[in-house]
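Hello,

Here is the structure I promised to pass on to you. Have a look at it first, and then read on for what I found in it.

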Amino acid sequence: MQRLTRLVALIAVIAMVLAACGSDEGGGDPGTTVPDTSDEMVACEADEVDGDLNFYNWTEYIDPELIAQFEAEYGVDVVEDFYDSNEAMLAKLQSGAVYDLIVPSDYMVAIMIEEGLLAGVQKDAVPNISNLDPFFADPAYDPGGVYSVAYQWGTTGLGIDMSVVGEDFEPSWALVFDPDLVSQYAGGISLLNDPRETMGAALKYLGYSLNSTSEEELQEAADLIAAVKEYIRAFDSDNFDETLVTGEFAVTHGYSGGYFTAIDDTEEGWDRFTYVIPEEGGTVWIDNMAVPTTSEHPCTAHTFMNFLLDAENGAALTNWNFYASPNAAAEEFIDPEILEDGTIYPSDELSERLEIITDTGDFEINYTDYFAIARS
Amino acid sequence: MASEGGERGERLMTTTRRRPDLDEETPVTPELEKAAEKAESRRGFLISVPAYGYLVLFFALPLVLVLVYSFASRSSTGRTLLEDWNVESYRRLFSDLVLEISARSFLLALVTTLLCLVVSYPFAYYIATRTPRIRNVLLVLVMIPFWSNFLVRTYAWRVILGSDGFVSQISQAFGGEEIRVLFTIWAVLIGLVYGYLPFMVLPLYAAIERLDWSLVEAARDLYANGFTAFRKVTLPLSMPGVVAGSILVFIPSLGAYVTPAILGGARETLLGDYIVSQFLTARNWPFGSALSFAVMFVMLLATIFYFRAGAKTL
Amino acid sequence: MSARGAPRTLVDRLLAGHSALVYLFFYAPILLLMVFSFNDNDNVQIWTGASLRWYRAMFENDAVMSALRNSLVVALLSTVVSTIIGTMLAIALERYRFRGRGALDGLAYLPIIIPDVTMAVMLLIFFFQSLGIVNDIFGTSLGAGLGTITLAHIAFNISFVAVVVRARIAQFDPAMEEAAADLYASRWQTFRRVTLPLIAPGVAGGALLALTLSLDDVVITQFVSGPGSATLPVYVFGLVRRGVTPLINAVSVVMLVASMILVAISLGFQRGSVARGQGLADPAALEEDLRGSRSDAETSPAI
């Protein structure tokens with residue numbers, strides 16, 4: 001009996017390892033069942049639906065009413081599923097999860113294209129694509145916009161409690177990296193718990209690119225963070241808006257959209273709190289809609305993309321989550337207050353200093369390690 | 001397995017008596033004994049087959065895969081390449097960074113375990129020495145808070161410990177200063193102890209409840225000192241509970257990363273946090289696998305060692 | 001019982017005081033989260049007035065309700081299956097000698113001592129590889145989802161159930177089963193009429209434990225879930241990242257109340273079926289822990 005059990009276990013393990021190696025030789029695709037190109041995809045027409053939409057999106061990133069509107073208009077269900085990091089989403093797709101539409105960020109689009117995980121965008125099925133601002137039609141991470149369509153974009157910057165920092169502060173990364181300044185705030189500061197964002201901010205303050213691939217520069221950035229560590233009370237990517245408006249911290253590092261609802265909800269509002277993009281520049285990120293090669297309902301996915309690129313629907317998205325829209329036609333429907341806000345829509349001059357995070361390939365593991373060193 | 005021979009005779013008696021389908025008149029021959037034993041063994045095996053199969057398929061096999069992955073290599077896009085097998089991931093385990101992170105996590109888990117033990121022992125002792133009815137009520141009261149959501153409980157602590165929180169407000173009401181507990185190591189410890197206390201209370205309760213109290217009485221007569229009696233009799237007798245509870249608290253504390261992040265602000269990198277970041281940030285699965293495997297292996301050795309040590313004191 | 005407790009001494013009073021403090025420690029956050037579930041404000045930490053709006057919002061929120069449904073389906077399925085398999089495992093390990101028993105004993109304890117993250121990762125890799133193979137061979141397009149979550153939950157629950165049931169089996173005398181056998185009861189009759197009623201509290205306790213673990217698991221579930229299969233804890237985890245609203249508190253209070261009702265039912269069930277004053281099966285779980293751990297230490301060379 002025992003011998004039999006062992007034999008079965010052994011055979012199973014061998015089969016699995018062999019199959020794993022085999023799938024690697026076969027195009028080197030970890031998804032194993034993933035078709036190679038979009039050629040096999042059915043051609044879709046505008047407004048065509050071919051079943052319910054499996055939509056894999058960031059948590060709380062779309063107005064539920066827009067979903068309901070789409071369901072009513074096209075008579076299909078939208079099954080929503082949520083992720084909280086690009087990498088979690090990637091791991092899921094690589095493990096064979098089937099979704100019709102996903103929302104990867106810029107650098108992740110590049111990785112997924114290289115991994116052969118994205119089917120191309122059938123532009124004929126998305127007539128509203130003409131509404132896109134030309135700037136977003138040809139991004140560096142996806143030349144020609146072959147695989148992705150911009151969803152929304154935003155920046156990373158600093159939330160400031162002016163009752164502590166004062167009204168006339170310099171909008172600079174010095175607010176969190178200069179020990180002389182930081183030591184004066186009662187309450188301390190928080191930085192994002194994200195190696196690329198936080199190391200990136202330090203690199204920017206030092207005058208380097210936030211996509212640096214130099215270990216010396218990373219070491220400098222780690223030293224910079226370590227030098228102010230006694231004033232950093234948290235590395236937090238989730239509640240940077242809340243800890244600011246409850247007065248827990250004086251300055252927090254976070255994503256643009258998060259701050260707006262939080263600050264609006266407070267009594268003192270914008271008289272006391274504000275959000276700035278440091279003058280040295282920072283991160284700009286673009287989230288994109290894309291159809292994975294495993295999609296079973298690509299036509300519904302394209303129709304949904306087209307639906308969100310509609311001028312009014314695109315505006316509704318921004319009016320709901322306070323992130324900037326890449327949809328030029330939507331501007332006339334966007335709340336003017338949002339449109340005029342220099343922190344949601346940064347000035348052209350500032351925009352030039354913003355950088356997109358790109359994947360650094362083999363160097364990526366160093367960001368995680370130097371970030372861990374900075375926190376030690 | 002060494003004990004098998006000794007139990008054989010006793011086992012056999014049970015076996016023959018338990019089989020009504022055997023004619024009682026049949027003389028018990030060695031062949032029959034053997035056959036009965038074999039049948040018994042087969043029956044035991046058959047009953048265990050579902051669990052055996054399930055655990056091999058959904059536990060042992062995945063564990064082997066983690067081992068295989070730990071020798072693989074990372075592509076520049078962060079994919080795991082099942083080729084170029086190497087031991088680089090294991091070499092990295094001994095880097096200063098990993099050792100420092102491990103030492104820190106180990107210390108945190110140790111302190112958490114000790115705190116749990118100190119808080120739980122008198123508590124479990126108190127519960128175990130009540131009447132059975134009160135005992136059950138008290139135990140259910142220990143369990144109830146843990147039927148709510150773990151994250152929500154942790155966030156509730158955030159409200160209590162924040163600079164506007166109750167602790168601080170009470171201090172200020174008595175003319176003290178604003179107390180900032182949140183985002184300090186104390187908040188992390190409070191959160192971890194809170195989360196894992198039942199794992200300590202329950203085994204301790206079970207051990208103390210089963211004590212032979214006549215021994216304690218005898219010790220009292222002998223030493224005439226409550227404390228000495230406790231030290232020489234009660235404590236050693238409840239050692240299995242201490243050992244089991246310590247392991248049940250130590251293991252999850254070592255891998256904890258959500259509580260330190262929410263209550264401690266993730267100011268220091270911990271082991272759990274570092275492993276997760278290998279999978280979800282650096283996308284370095286081979287290294288993440290090696291780390292996971294190493295943690296589990298050390299944990300296993302420690303458990304075996306700890307049980308052995310604990311068993312010796314019995 | 002009165003013999004075991006010393007007369008009410010200073011020590012006893014100190015113990016009582018200490019225990020009261022421990023209960024305060026246990027219940028402070030629970031009371032707080034209950035109170036704040038009735039908060040009118042968007043922010044949990046700022047109280048503006050009492051309202052039921054978050055309870056209404058919860059029942060109107062499709063994502064929450066579907067997560068709740070998923071949680072219940074997974075919890076019930078995994079509890080039933082793991083209780084059956086785990087009980088069989090406990091009986092086999094506690095009552096029979098067979099080849100490979102030592103190895104099984106060791107294997108059965110591993111899921112208890114393995115860190116969450118490790119188990120999550122290995123199951124992710126496993127499902128990713130094995131689903132690929134299954135799909136290649138059978139031409140199916142199976143993916144991660146409620147199925148993989150349930151399989152994963154069963155994998156860790158079996159061990160916990162077995163540990164609780166074993167403690168219970170070890171407590172009663174095999175002579176009772178033998179007596180039944182002597183009365184010409186068939187094996188099945190013996191099991192149904194004698195063994196099962198005797199171990200019922202352990203089985204109920206194990207099932208309860210499995211249910212709790214399944215309902216509260218985030219890490220493993222998150223790694224093995226698929227489209228539309230987010231469970232309540234996973235959904236709450238995502239929500240927390242976008243800011244904590246009292247909605248989460250309301251969800252948690254509902255879960256708490258539901259769990260308490262379950263406990264009350266199972267307590268009632270046990271009171272009916274247990275002759276001895278053993279009561280709640282959870283203490284049995286503790287016992288099994290040490291009992292199991294000791295036998296684990298004995299057999300550990302086999303691992």
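Let me start in chain A, with helix α14: the elements that cover its buried residues include α2 (64-74), β5 (149-161), α13 (298-308) and α15 (336-340) of chain A. Please keep in mind throughout that this is a predicted model. The helix itself spans residues 311-321, and its buried residues are A:Gly314, A:Ala315, A:Ala316, A:Leu317 and A:Thr318. If you follow the chain just past the end of α14(A), you will come to A:Phe322, which has a positive phi of about 60°.

Still in chain A, there is a helix pair to look at. Helix α9 (residues 195-205) and helix α10 (residues 215-227) of chain A have axes that come within 9 Å and cross at roughly 100°. That angle makes α9(A) roughly perpendicular to α10(A). On the α9(A) side, the contact is formed by A:Thr198, A:Met199, A:Ala202, A:Leu203 and A:Tyr205, which meet A:Glu217, A:Leu218, A:Ala221, A:Leu224 and A:Ile225 of α10(A). Sorted by class, the residues of this contact are eight nonpolar, one polar and one charged.

Chain B has a helix pair for you as well. The axes of α4(B) and helix α11 (residues 239-255) of chain B come within 9 Å, crossing at roughly 140°. The two helices, α4(B) and α11(B), are therefore oblique to each other, and the crossing of α4(B) past α11(B) is right-handed. Among the residues that meet here are B:Phe106, B:Leu108 and B:Cys116 in α4(B), and B:Val242, B:Val249 and B:Phe250 in α11(B). The contact of α4(B) with α11(B) has nine nonpolar and seven polar residues, and no charged ones.

One more residue of that helix: B:Ser102 sits in α4 (residues 96-128) of chain B.

Finally, the interface between chains C and B. Here 88 residues of chain C are in contact with 91 residues of chain B. On the side of chain C that touches chain B, helix α1 (residues 10-36) of chain C gives the most, with 15 residues. That side of chain C is made up of 60 nonpolar, 16 polar and 12 charged residues.

Enjoy exploring it, and write back with any questions.

Best wishes

Definitions and conventions
Residues are numbered from 1 along each chain as its sequence is written. Chains are lettered from A and ligands numbered from 1 in the order in which they are written. This is a predicted model: local features need pLDDT of at least 70, side-chain atom pairs count only at pLDDT 80 or more; totals for chains, interfaces and linings use all residues. Helices (H or I, at least four residues) and strands (E, at least two) are DSSP runs, numbered from the N terminus. Axes are lines fitted to C-alpha atoms, for helices over the stretch in contact, and angles run from 0 to 180 degrees between N-to-C directions. Angles under 35 degrees count as roughly parallel, over 145 as roughly antiparallel, 65 to 115 as roughly perpendicular and the rest as oblique. Two residues are in contact if their C-beta atoms, placed from the backbone, lie within 7 Å. Ala, Val, Leu, Ile, Met, Phe, Trp, Tyr, Cys and Pro count as nonpolar, Asp, Glu, Lys and Arg as charged, and the others, Gly among them, as polar. A residue is buried if 20 or more other C-beta atoms lie within 10 Å of its own, exposed if 12 or fewer, and partly exposed in between; C-beta atoms are placed from the backbone. A crossing is left-handed if the near helix is turned anticlockwise from the far one by less than a right angle, and right-handed if clockwise.
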